[in-house]
Amino acid sequence: MDAFPVMLRAVLPWLTPVALVCAAAPVQAQDAHRIDLPSGRLSERVPQLARQAGISISVTSDALWRARVRSVRGTMSAGEALARMLSGTRSRAVQLSATSWRIDAVAEPMPVARVRRARLPAPVPAVASEETEAPIIVTASKIDQSYASFPGTVHMLDGEDLTFGGERGTDSVMSRLASVASTHLGSGRNKLFIRGIADSSFTGPTQSTVGQYLGDLRLSYNAPDPDLRLQDIKRVEVLEGSQGTLYGAGSLGGIIRLVPNDPDPRGFLLQANAGVSATQHGQPGGDLSVTVNMPIGDNGHALRVTGYGISEGGYIDNPLRGEEDVNRTRIAGGRAAIRFDLGDQWSLDLGGIYQATTIDDSQYVDGRSGPLSRSSTVIEDASADYGMAMIVLRKDWGDLRFQSSNAFVRHNLTEHFDASALRLGPSTFEQRNRTEMWVSETRLWRPVSHGFGWVIGLSAIDNSTAQRRSFQEFFAHSTATGVTNSITEFTAYGKVSVEVLEWLFASGGGRFTHSRLDGSGEDVLPSFAAAGAGVTARRTESEWLPSAELLARVVPGLTAYARYEEGFRPGGLAIESDFVRQFRNDHVESWEAGLRFNAPRDAVSASLSFAHSYWRDIQADFIDGSGLPTTANIGDGKITSIAGTLAFLPVPRLRVELSAVYNHSRVTALTPEVARLAVAASTGLPVVGSPIDLPAIGAIGQFGPLAAFGRIPNVSDYAVQGSVDYRLALGAADLRLGGWFKYIGPSRLGIGPVLGDEQGDYVDTGLAARYGDAGRGVSLTLTNLLDSRGNRFALGTPFDANKGGFITPQRPRTIRVAVDYRF
């Protein structure tokens, strides 16, 4: 059923009246409002202030839109917030009515509003500008380092921008960054990659190459991306390149850090969003989210709760079973936190997260039944649930800060694959991953100020993941060999940043990690269990991860940096056929150099980076002789990445951003075990001895079995991303228009000849618009404008992978209409 034209005809008649109602009925402004605005361009801060204060703001001079304004935080009237924001600029605010203001240009700068800020160090300006302003702080640096002095590639994504036009979880982050990629099995089942550091397409025992965090708390260890919804998120920080010193194991490619909005004792907040969507060639969907913040008493305590539910319509048909639109996805969850002010700048946060994801059927097609069809005799559904309970203790001495973050995580994932190719009739393969993790990190730091800052920390992780496998054929149920991996990790780390010269910063640090690894086979065949061979393993590992960084201010607005860092992932146990065997840890050494440029008032900003990584003993998944995915150390590799960004304001109120990345990845040496599998599979020739040097073989492309291992999987050769954002004041309301595109270049599905299918080479597009004021609005979003069918992921079922031809198409063109309300 095609719901797209039906909804389009239904939406258009009431879309305009709703917009007019939103414009005609702004929320009545109150005497005092909770204001939280970072410094930045006037074009970005005006809509945010209008929303927070419940007013409309017009700007009479186009030149003012590029002006940089100050940060404003606290509870105050709209007039006071405007005065503080505009202090030091050549502009002033004029009140037109109770809820309407106008910003005019003036000949002389407005006097600087002096705001007393207790116990905050004097900041280093983030960019060279005519006015002194609060810097942009990279909290993921763990020393509150300003963006201007941060020696590396970092992206700061505003939470409101990520939810503009509809919140899409991790997809919202990927659509805005060329360097972030993912597999596409479905929500809650994917693996993330940054800067070409990718290992495999399956959810196996290996740890992710990207660290995911909520504040200081690790979200997962060796589980897939939980794809948490980004409702009520303040910002997302993405650090590219290995981050081993500060974040330890599993940050080979970088980290993604979610920064939620904290409970705020200064006032009550109610925010709600509701939307309906229609997918061309598919079923309709809908979403709803609500956030409530409320003070508790008069002692600085507060509670903040967010809840959401999402239903995405299916669009894949299964003609063999006579079913249409089988792959509906449902997501429901929430986040809650309560903050206690303990006095003397101590605070205690108690909170939790829960999210449940249900996928009715897989989203791939077989290439033989139609562009959006798959003929399968069984249902390949999946479900995931993620829960975290946390406690965070903080203390602020002004120039010294303390934080202890502790959490318990439970993460379950159940997947079903069509295994009929291995059986005489319809058969389903079930894989269940059960993860439990305790995580704790305590750190003491001096925020970078006056050219000096440092951090020291201790962390501990206890993670256990059990992977169980079974086959279901008609009414018969049989188990397959599974595995349990457990790791206990203790870490001490430290880092210091020093302004050596007025124009030169130097940073360095190290991390020592001691790990105890335990593993055992599950449901092992009795004959192997009796022998005790390869069923259990226990060992310890220690790693030292150093880092060194330099940043130089070449000329005003232009900085250059260079950095060296290492990262690793611990080893474990993997399943191969009916056996359980070990795989070793892998290690990355990463070098990076780059340039950043910021013109005054951010009229133009640009960056360019060059990174080279040497990856030793790569952990990767491939298909074993029984048709099941297995994990092994395949050899050594090298990844070279060149990335660039450009942002500019061609006209007032219009911002254009572009980014691009080029990746060149290759496996340079194979281990004898993996080479033996490749050669024996096609020639029967044995391979013995030391790792095989691929370049020494000669024409790799002419040696089919080994050529299939010569390229790191899921790494597109290149990607390009672009976006535009336009804002315009229309009477008592504002109009915001946005658009984006991302081209993902070709890549390879996996390691080995069985997983050699090509994927990628497609464009993702979208448009969004919102009309309304600070209190309410209506928005319209259109994604996949071209209704294209690009192959996002070439994996269907691993048991039929040798046939190839699987395609995971993009979600067809989808329209969403939503309303939002804020009180």
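1. A nonpolar core, as the term is used in this note, is a set of buried Ala, Val, Leu, Ile, Met, Phe, Trp, Tyr and Cys residues joined through side-chain atoms within 4.5 Å. In this predicted model, the largest such core has 34 residues, and those with the most contacts inside it are Val173, Val236, Val238, Ile256, Leu258 and Met388. At least two residues of this core come from each of α5 (170-174), β12 (192-194), β13 (210-214), β15 (233-240), β16 (254-260), β22 (382-396), β23 (401-418) and β24 (427-449).

2. Val173 deserves a separate look, and its neighbours within four places in sequence are left aside here. Beyond them, Val173 is in contact with Leu157, Leu162, Leu230, Val236 and Val238, and two of these partners, Val236 and Val238, are themselves listed with Val173 among the residues with the most contacts inside the largest core. A second, separate core of 22 residues includes Ala53, Trp65, Val69 and Val72. As general background, nonpolar side chains in soluble globular proteins tend to be buried together.

3. For the protein as a whole, the secondary structure comes to ten helices and 45 strands, and 58% of the 823 residues count as buried. Among contacts between residues at least 6 apart in sequence, 67% join residues at least 24 apart. The protein exposes about 30,800 Å², of which carbon and sulfur atoms supply 60%.

4. Just after α2, Gly54 takes a positive phi of about 70°.

5. Thr488 lies in strand β26 (residues 476-501). Is Thr488 buried or exposed? Thr488 counts as buried because its relative accessibility is 11%, while the cut-off for buried is under 20%. The side chains of Thr488 and Asp462 are joined by a polar contact of 2.6 Å.

Definitions and conventions: Residues are numbered from 1 along each chain as its sequence is written. This is a predicted model: local features need pLDDT of at least 70, side-chain atom pairs count only at pLDDT 80 or more; totals for chains, interfaces and linings use all residues. Side-chain values use heavy atoms; hydrogens and water are left out. Helices (H or I, at least four residues) and strands (E, at least two) are DSSP runs, numbered from the N terminus. Buried means under 20% relative accessible area, exposed over 50%, partly exposed in between (1.4 Å probe, protein chains only). Contact means heavy atoms within 4.5 Å. Accessible areas come from the Shrake-Rupley method with a 1.4 Å probe; for residues, only the protein chains shown count as cover. A polar contact is a pair of N or O atoms within 3.5 Å; within protein, one must be able to donate a hydrogen and the other to accept it, and residues adjacent in sequence count only if both atoms are side-chain atoms.
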